[in-house]
Amino acid sequence: MRCVYTWRRVGTKGVGFINRLGRALKSNGKVYLVGAGPGDPELLTVKAVRCLERADVVVYDRLVSPEVLALVPQGAARICVGKQPSHHPVPQNEINDLLVRLASGNRCVVRLKGGDPFIFGRGSEEAIELSQANVDYEVIPGITAAQGCAASLGVPLTHRGLATSVRYVTGHCRQDAELDFDWPGLADKDTTLAVYMGRANIAEIAGKLIAHGLDTATPVLAVCHGTTERARNVLSQLDRIADDVANADFSGPVLFIVGKVAALARSVEPQNAVSDDIVASATG
Ligand SMILES: C[S@@+](CC[C@H](N)C(=O)[O-])C[C@H]1O[C@@H](n2cnc3c(N)ncnc32)[C@H](O)[C@@H]1O
């Protein structure tokens, strides 16, 4: 039978005691911190699929796609600890406690996180907590959104003559604090920027990149629900991306790819003249 729990039903009773006990006695269970990839279940690693097959319980985030969740075995319990920007129904410390508590019951616990657990995923915080509680754990990497979204549209994150490096950047700071980044370093015409969680701040991000020297016509690709059947995307440029994304009215997670490589995207809405010169220089 498939069991679906929310964190409220699981509750916090006894967590402190079990965690203290866990620190004293090594638990028999194991937690797998598994990357679910960007959405397409075919992008899961073989190891991730094998972990899911033997899971007793799966603790998952909002970003894990329904297609990936469909691979959770019927008999495994599911606990949703979904997070949304500015709205965290389950605080991180309670998720950490939950993992320790579940593993102490000799269970195979899969902590399923969108993309890669260690890229803007707080998987490393969970790993540290598990280690301190003497719980055995293993990290199974996943394809991160930047790789999945870019590849699904034929965009190389690096390309000879267009981008000599790539940087994964968060577009959102803790408690909506001001974006205090290395703007001169980020505004490098030969670097591809993959901006995660940047939707609310894309106007500010684009403005700062222009102010620090990037050309206003630098291509920007915005991908929503990348790699899934719900995928949508817009190819724009730095001085127009905020308006174009607002008009696109996306309804899911959005990743921005900033840099000349973005112009190589196929199947974009609307196909933009900005790409012609860049495609010519890349292929010529
Ligand atoms: C909290 S971060 C988690 C990143 C994740 N650990 C990874 O490696 O992809 C969430 C952000 O990832 C990006 N993201 C994740 N999946 C995506 C998808 N399928 N399409 C577009 N963006 C995605 C969005 O920028 C979203 O706001």
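Helix H9 (residues 202-211) and helix H10 (residues 241-248) pack with their axes 8 Å apart and at an angle of about 160°, where helices are DSSP runs of H or I with at least four residues, numbered from the N terminus, and axes are lines fitted to C-alpha atoms over the stretch in contact, with angles running from 0 to 180 degrees between N-to-C directions. This angle makes H9 roughly antiparallel to H10, because angles over 145 degrees are counted in that class, whereas those under 35 count as roughly parallel, 65 to 115 as roughly perpendicular and the rest as oblique. In this pair, Ile202, Ala203 and Ala206 of H9 meet Ile241, Ala242 and Val245 of H10, residues being in contact if their C-beta atoms, placed from the backbone, lie within 7 Å. By class, this contact has 6 nonpolar, no polar and no charged residues, with Ala, Val, Leu, Ile, Met, Phe, Trp, Tyr, Cys and Pro counted as nonpolar, Asp, Glu, Lys and Arg as charged, and the others, Gly among them, as polar.

The model is predicted, so that local features need pLDDT of at least 70 and side-chain atom pairs count only at pLDDT 80 or more, while totals for chains, interfaces and linings use all residues. Residues are numbered from 1 along each chain as its sequence is written.

The axes of helix H5 (residues 92-103) and helix H6 (residues 123-132) come within 10 Å and cross at roughly 45°, which makes H5 oblique to H6. The contact is formed by Gln92, Ile95, Asn96, Leu99 and Val100 of H5 together with Glu125, Glu126, Glu129 and Leu130 of H6, and its residues divide into 4 nonpolar, 2 polar and 3 charged.

Definitions and conventions: Helices (H or I, at least four residues) and strands (E, at least two) are DSSP runs, numbered from the N terminus. Two residues are in contact if their C-beta atoms, placed from the backbone, lie within 7 Å.
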